[in-house]
Amino acid sequence: MGMKSVGVIGGGAWGTGMAQAIARGGHQVQIWALEDEVVESINKEHENKKFLPGYKLSENITCSKDIIEVATGKEFLIIASPSLYLASTISKIVDIPNIKDGSTVIAALTKGFVPSPEGPKFIVETIENVLPAIYKDCTVYVAGPSHAEEVAMGKVTGLVAASFNPKNSIKVRELLRVPGLMVYSSFDVIGVQICAAAKNVIAVIYGAMDALSETSPFFGDNTESLLMAAGLNEIQTLGFAMGATHAETFTSISGVGDLDVTCKSKYGRNRRFGQDMVRTDMLSKFKDIDDLIANVGKIGYLPEGAIACKYVHEISVKKDIKLPLCNGLYKILNKEKTIQDFVDQLINFAK
């Protein structure tokens with residue numbers, strides 16, 4: 001593949017890490033970011049000092065605060081905007097000529113769900129509801145066990161490019177055929193999105209358990225493995241209830257692979273949030289889960305699992321499916337139950 005022009009919508013850690021990987025393949029990448037300091041540090045110092053400090057970026061990467069400039073004329077557009085702002089961000093680019101005629105291939109990195117009056121929506125569904133109709137069933141969803149830091153460093157990483165449009169899946173897979181990335185195609189767009197969102201919920205619980213194991217005589221490595229297995233089962237249960245089509249989605253890198261790295265990696269923000277719930281009483285800052293989501297900036301980093309937990313709970317109630325771990329975390333975040341209540345319940349169950 002020759003040099004391609006690529007726009008990345010979102011200058012956070014993951015958007016920047018993916019931009020670096022794409023640039024490593026010889027492509028020209030322009031990032032859209034809201035923050036002046038991000039634009040300045042990328043353009044002048046080739047580093048995103050705010051969201052991905054310590055990683056030197058390719059000179060093939062530039063940054064702009066003008067989203068129209070970043071999206072115009074690009075062959076590929078990578079969406080890395082947080083789920084809370086996804087629809088409003090996409091709405092800013094719909095009238096650009098190469099978006100209106102569908103000539104730009106669009107891929108999404110955003111994890112989680114998007115709230116709506118009808119209930120939680122998928123990322124791809126939300127994007128395609130805002131984009132011109134020509135993009136229906138053509139967006140590519142990219143996920144897998146992939147921390148931004150290691151992707152930026154070029155460490156070997158596996159990803160899945162899921163789309164109902166096989167040609168677009170292949171195009172994105174070829175774009176991402178760069179040193180350090182191994183990308184596979186999938187038709188299970190729903191299953192891959194469920195894995196990407198729900199594994200963050202389990203990782204918050206894993207982080208709390210990890211912190212508790214430092215002082216509790218009841219929790220250890222065996223317990224954490226039990227938690228991961230139970231968590232994967234809940235992710236699969238949720239996935240099939242929502243329309244996932246392939247069991248192997250959950251037993252390969254989208255499922256068990258992404259869950260493992262999110263729970264165990266030192267880079268994991270969701271694991272960190274779970275640890276902070278125990279070590280620093282993080283939840284004392286918020287009155288309930290809605291207050292947490294509305295004021296998530298007070299945390300200092302973005303724990304996607306805390307946000308996704310609300311929507312996983314809503315889905316489980318609507319679909320009448322049992323997700324004891326996910327719904328247990330929801331009750332903790334919503335101040336209906338303490339962490340100790342949850343722990344006591346687990347211990348009593350194990351007796």
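At what angle do α9 and helix α13 pack, and how far apart are their axes? In this predicted model, local features require pLDDT of at least 70 and side-chain atom pairs pLDDT 80 or more, whereas totals for chains, interfaces and linings use all residues. Residues are numbered from 1 along each chain as its sequence is written, and side-chain values use heavy atoms, without hydrogens and water.

Helix α13 (residues 269-279) packs against α9 at an angle of about 40°, the axes lying 6 Å apart; axes are lines fitted to C-alpha atoms over the stretch in contact, with angles running from 0 to 180 degrees between N-to-C directions. The two helices, α9 and α13, are therefore oblique to each other, since angles under 35 degrees count as roughly parallel, over 145 as roughly antiparallel, 65 to 115 as roughly perpendicular and the rest as oblique. Contact (heavy atoms within 4.5 Å) joins residues of α9, including N200, V204 and A208, to residues of α13, among them N270, F273 and M277. The residues of this contact comprise eight nonpolar, five polar and three charged.

One cavity of 30 Å³ or more is found in a search of the whole structure, a cavity being a set of points on a 1 Å grid over the protein atoms alone where a 1.4 Å probe fits but cannot get out. The largest cavity has a volume of about 80 Å³, taken as the space filled by probe spheres set on the points. Its lining, defined by an atom within 4 Å of a point, includes V204, A208, M277 and F342. Five lining residues, the largest share, come from α9, and the lining has eleven nonpolar, no polar and no charged residues.

Notes
1 Å grid on protein atoms, 1.4 Å probe; cavity = no way out; pocket = protein on both sides within 12 Å on 5 of 7 lines; lining within 4 Å. Helix = DSSP H or I, 4+ residues; strand = E, 2+ residues; numbered from the N terminus. Nonpolar A, V, L, I, M, F, W, Y, C, P; charged D, E, K, R; others polar.
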